[in-house]
Amino acid sequence: MASFDVIILGGGPAGYICAIRSAQLGLSAAVVEQDKLGGVCVNIGCIPTKALLHSAYIATLLQESKEFGVEASSVKTDYGVAMKRSRRVSDQNSKGVEFLMKKHKITVIKGTGVVQPGKKVKVGSDVHDAKQAVVIATGSRVKGIPQIGLEINKTTVISSDEALLLERVPDSLAIIGAGAVGMEFADIFHAFGVKITVIEALPRILPLEDAEASDTLSKSYRKRGIEVIAGAKVTKANVGKDKVVLDVEAGGEKKQVTAAAVLMAAGRAVNTENIGLKECGIQLTDRGFIKVDKNLLTTAAGYYAIGDVAGPPMLAHKGFREGAVVAEIIAGQKPHPIKYDNVPSVTYCHPEVASIGLTEEQCKEKKLDYVAGKFPFSANGRARGTGETEGFVKILRDKKYGEILGAHIVGAHASEMIHELAVARENEYTVEEIDLAIHAHPTMSEAIGEAALDSLGRVLHI
Amino acid sequence: MATKVHMEALSPTMEEGRLVKWTKHEGDAVKSGDTLAEVETDKAVMELVARADGQLIKVMVPEGTTVPVGNVVAWIGKPGEKVDGAGSGEQGAAASKPAPTAPATPARTQPAASPTPAAAPADATRVKASPLAKRIAKDAGVDLKLVQGSGPGGRVIKRDVEAGATQTQAVAPAPAPRSPLPARSGAPYEDVPLTQIRKTIAKRLAASIGPIPHFFLTTEIDMERAAEAREALNKQLGEDGGKISFNDIIIKAVALALVRHRACNAWFQEDHIRYWNEVHIGMAVAIEDGLITPVIRNADMKTLSEIGAEARELAGRARNRRLKPEEYTGATFSVSNLGMFDIDQFTAVINPPEAGIVAIGSIVAKAVPEGDRVVVRRRLRLTMSCDHRVIDGATGAVFLKTLKQMLENPLAMLL
């Protein structure tokens with residue numbers, strides 16, 4: 001039995017950052033991890049998909065390169081090679097987390113942790129003692145939809161876990177769920193020559209994004225030959241040995257989709273089972289997340305929850321921040337409270353979709369007095385130069401004071417550009433401060449300044 | 001470079017704190033989060049903690065001293081590092097000197113801090129606030145210096161300005177039915193805790209009468225023709241339209257007089273005076289356990305019926321505590337009327353940052369000489385309170401003269 005100031009269950013983004021910040025504040029910390037450090041994000045999520053998306057980008061670029069005066073003849077793609085590269089990237093990142101644990105003298109305990117009353121954590125037959133706090137950061141996993149006969153069988157019905165490890169691509173793939181995961185895999189597999197059908201139950205793809213953003217992406221996908229069926233219901237699934245036939249109902253029409261495989265990209269389940277929550281008096285919410293207060297404290301004193309298990313949005317960067325904040329709370333500090341309404345959301349497909357704050361639909365629902373400012377990349381010099389003219393920047397500002405209520409970017413590098421607006425919102429800058437900051441020319445980011453100006457009725461380049 | 005330790009706002013309403021006890025002393029090693037001192041706030045004794053690692057190299061404030069929030073109370077730095085140990089009164093003037101052994105690097109040395117007058121802390125004129133908070137405050141007429149910031153480093157953010165502006169609303173629920181006073185049960189007095197609105201009134205009005213050099217100008221106005229005009233207008237409006245009151249006429253006349261005398265339509269803003277081109281008249285309304293001044297915006301441009309309708313509507317909602325913050329902030333001048341309580345004449349307290357307010361007494365029939373005869377006329381005594389930093393005696397007097405002319409000859413309002 002060993003004793004630590006803080007014991008963290010789970011070595012994903014929330015957990016490992018919590019450990020590092022605890023160590024920085026002079027606390028002794030241990031991380032319990034049953035698999036590789038870095039969690040879903042590093043090993044089977046954010047990181048390897050970004051590697052594969054870049055492979056997809058190169059494949060697409062080479063197919064269009066003739067127009068740029070560079071002819072690449074007989075471009076061949078090999079998913080197996082791209083996959084192996086993505087694994088190396090993941091491993092490097094996981095090793096990086098291991099290094100960070102060593103650097104900060106954090107003990108990594110291999111195994112599955114179970115919390116026990118009295119701030120104890122059992123791993124195998126060992127029981128460890130947390131002097132100050134236990135932090136639960138066990139994350140989430142993909143889940144299928146068994147109700148309609150689509151249970152993940154790892155061959156014809158797969159999840160992202162399997163998709164990331166395929167040696168060869170199937171001829172055709174039906175993707176159920178058009179959230180970030182579904183749209184990213186559609187982009188990847190399409191570039192590797194797979195016939196793709198994306199099926200989304202809600203009326204739009206990327207249903208949480210601004211309607212204009214999802215419409216723009218939807219058009220872009222259809223133009224490339226990716227079939228997108230939104231507002232669709234899968235009424236029946238016939239899972240065969242080498243193909244799946246789906247009965248789909250959309251807009252009053254019935255349709256059959258046949259594909260060599262189905263990728264389940266809808267929904268995630270949090271890992272709250274068999275880790276001793278009930279025994280410690282740690283309650284769950286109606287939706288199955290661990291119930292936490294403002295300070296991320298669970299219903300049991302001394303037990304905190306962070307990351308996906310603590311509730312949406314289930315994003316690595318939200319977990320990062322919760323990990324750091326909880327460490328500071330445990331160390332007796334009063335950290336700046338997390339602004340959950342200022343967490344950027346990014347989908348890394350091509351073109352990228354990034355947003356922060358409210359969508360235009362939410363502004364309408366809340367009956368806010370707002371003005372939308374918009375600037376298309378087709379009017380941006382840098383975007384014309386690189387041939388990346390799809391998309392736009394849209395800023396929703398409060399009419400009276402210019403507060404940035406929400407911002408939406410569709411386009412190349414949207415993921416990198418959204419942070420200007422995150423900084424602005426965090427510091428309560430208004431659209432006028434966005435304009436006052438001089439944007440370098442020519443850059444894609446100029447479109448942000450122009451969208452701000454457009455919201456003030458003084459756009460310059462359109 | 002050494003880090004300043006400031007007196008922090010340890011409660012939302014704390015403006016100063018008494019340093020009860022230093023728990024760390026000069027030379028002690030401190031870590032971020034360590035308790036440095038105990039501080040008595042307006043609410044309780046709280047701990048002041050270190051925000052930096054190092055050594056407590058200089059204590060600027062002896063125990064028992066009361067220090068405004070934001071002032072430097074100590075320095076944390078590297079052992080041996082020197083700070084200019086200026087007297088505790090010379091806040092903010094202390095600048096770190098390069099260590100004597102360090103090679104001369106003139107470019108890096110701190111510019112010599114200009115000697116600051118002991119009475120004015122360097123931070124007093126600078127308010128840390130987000131651009132959005134500044135805009136909302138400007139619009140709502142909220143003085144950011146009076147707002148406690150809850151953002152990073154005590155910065156004033158949107159939430160703070162809104163909370164400040166709605167405090168009276170948010171904290172005070174609909175007035176509970178007043179419990180009947182016990183009929184001489186023997187207790188010589190009853191201690192009633194201050195409600196939030198009463199606290200705000202106390203703070204705002206004390207802030208007014210204290211630092212503002214008030215002076216008062218009283219004049220008696222003949223209201224005979226205004227009364228005749230009012231009767232004629234009300235007859236014209238018939239039964240359907242709302243009646244026009246004397247108060248409406250006075251608000252309109254004040255607004256028009258202010259247009260001609262912008263010198264009285266102004267805000268005192270510490271380092272500048274803001275002369276308003278728009279005229280927004282605050283109208284004091286008595287409510288359960290307090291008063292509030294809803295604002296008739298652009299009163300100079302509104303008709304008497306519009307002013308009357310708006311005044312009644314605002315006063316009604318004021319009594320039900322249903323005013324939005326923007327409806328009771330941002331006045332450029334105010335009117336207070338106690339005529340209905342048979343008060344002949346009184347002086348009203350200026351509502352800062354406004355520079356003036358007129359107090360309206362009751363309209364009473366008086367015997368006044370007219371030529372060789374004595375006639376009975378309806379007369380009104382009106383007193384203007386002026387902030388002498390903005391309005392001088394003669395400035396106020398010419399404004400009052402115009403106001404008097406307008407009320408004595410309501411047709412003059414049409415000029």
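Modeller: Two residues are in contact if their C-beta atoms, placed from the backbone, lie within 7 Å. This is a predicted model, where local features need pLDDT of at least 70 and side-chain atom pairs pLDDT 80 or more, while totals for chains, interfaces and linings use all residues. Residues are numbered from 1 along each chain as its sequence is written, with chains lettered from A and ligands numbered from 1 in the order written.

Biologist: How many residues of chain A are in contact with chain B?

Modeller: Let's start from chain B, which puts ten residues into this meeting. On chain A, the number of residues they touch is twelve.

Biologist: Which element gives the largest share of chain B's side?

Modeller: Helices here are DSSP runs (H or I, at least four residues), numbered from the N terminus. Five residues on chain B's side come from one such run, spanning residues 131-140. That's the largest share, and the run is helix 1 of chain B.

Biologist: And how many residues on that side are nonpolar?

Modeller: Ala, Val, Leu, Ile, Met, Phe, Trp, Tyr, Cys and Pro count as nonpolar, Asp, Glu, Lys and Arg as charged, and the others, Gly among them, as polar. Chain B's side has two polar and two charged residues. Its nonpolar residues number six.

Biologist: Over in chain A, which helix does helix 3 meet through Ile47(A) and Pro48(A)?

Modeller: Ala51(A), Leu52(A) and Ser55(A) take part from helix 3 too. Across from them sit residues including Ala82(A), Arg85(A), Val89(A) and Asn93(A). The contact divides into six nonpolar, four polar and two charged residues. The partner is helix 4 of chain A.

Key:
Helices (H or I, at least four residues) and strands (E, at least two) are DSSP runs, numbered from the N terminus.
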